[in-house]
Each structure stands twice: as structure tokens, then as C-alpha cells.
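Opened the notebook to go through one structure and jot down what I looked up.

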Amino acid sequence: TESTETLGKTAGKDANAQKATYPGKFGIERTREIALSVTEEALGIADQVRTDSTILKALIHRIVNRSS
């Protein structure tokens, strides 16, 4: 769904290599739903950490919002 330039690798490379990916198995929309659910779970767990979890939460957001 992204360009070769954005991905940093040939677009469609994973599909051509028959790699198992979430989008390949579940589709883009369901993959987004799964990512949102896991993100919410991770943020909830980060809230339970007994120290400052600001960096951890930033990392969680960065991972789920990355473009490639």
C-alpha cells in the first residue's frame, strides 16, 4: 500500500516472497484494528509501571504510527 521509496524496499516484496504478514492474512483494516487494540493494551500496561513511563509510551506510539 506504500511506494517503494516510502517503504525503503521494493513494494510488494513480501507478497512476492510469500511472507506471512498481518495485512496479507487479515487485510489492511483488520490489521489496523489489531494494532489499535494491542496499542491500547500496551499503553494500559505502561500506566501500571511504577516509574515514569513517558519514553515507553512515546515508543509505543512511534511503533504503531510508523509509516514503513
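This is a predicted model: local features need pLDDT of at least 70, side-chain atom pairs count only at pLDDT 80 or more; totals for chains, interfaces and linings use all residues.

These are my notes, in the order I took them.

**Overall**

I looked up the secondary structure and found five helices and zero strands in the chain. Reading from the N terminus, the elements go α-α-α-α-α. Next I checked burial: of the 68 residues, 10% are buried.

**Thr39**

I picked Thr39, which sits in helix H4 (residues 28-47). Is Thr39 buried or exposed? Its relative accessibility is 10%, so I put it down as buried, the cut-off being under 20%. Then I asked which residues Thr39 is in contact with, leaving aside its neighbours within four places in sequence. The answer is Ile60 and Val64.

**Ser53**

Ser53 is in the loop between H4 and helix H5 (54-65). Ser53 counts as buried because its relative accessibility is 9%. I also looked at its side chain: a polar atom there lies 3.3 Å from the backbone oxygen of Ala46.

**Rings**

I searched the whole structure for aromatic pairs and got one. Separately, I noted Lys25 over the face of Phe26, 5.7 Å from the ring centre.

**Salt bridges**

How many salt bridges are there? The count is three.

- Arg32 and Glu29 form a salt bridge, with their closest N and O atoms 3.0 Å apart. The two are three residues apart in helix H4, so about one helical turn separates them. Both Arg32 and Glu29 are exposed.
- Arg30 and Glu33 meet through their side chains at 3.2 Å, N to O. Arg30 is partly exposed at 41% relative accessibility, and Glu33 is partly exposed at 45%.
- Asp47 and Lys57 form a salt bridge in which the closest N and O atoms are 2.4 Å apart. This pair links distant parts of the chain, with Asp47 in helix H4 and Lys57 in helix H5, ten residues apart. I have Asp47 down as exposed, because its relative accessibility is 51%. Lys57, at 26%, counts as partly exposed.

Terms used: Residues are numbered from 1 along each chain as its sequence is written. Side-chain values use heavy atoms; hydrogens and water are left out. Helices (H or I, at least four residues) and strands (E, at least two) are DSSP runs, numbered from the N terminus. Buried means under 20% relative accessible area, exposed over 50%, partly exposed in between (1.4 Å probe, protein chains only). Contact means heavy atoms within 4.5 Å. A polar contact is a pair of N or O atoms within 3.5 Å; within protein, one must be able to donate a hydrogen and the other to accept it, and residues adjacent in sequence count only if both atoms are side-chain atoms. Rings of Phe, Tyr and Trp (its six-membered ring) pair if their centres lie within 6.5 Å; planes under 30 degrees apart count as stacked, over 60 as edge-to-face and the rest as tilted. A charge sits over a ring if NZ of Lys or CZ of Arg is within 6 Å of the ring centre and within 35 degrees of the ring normal. A salt bridge is a side-chain nitrogen of Lys or Arg within 4 Å of a carboxyl oxygen of Asp or Glu.
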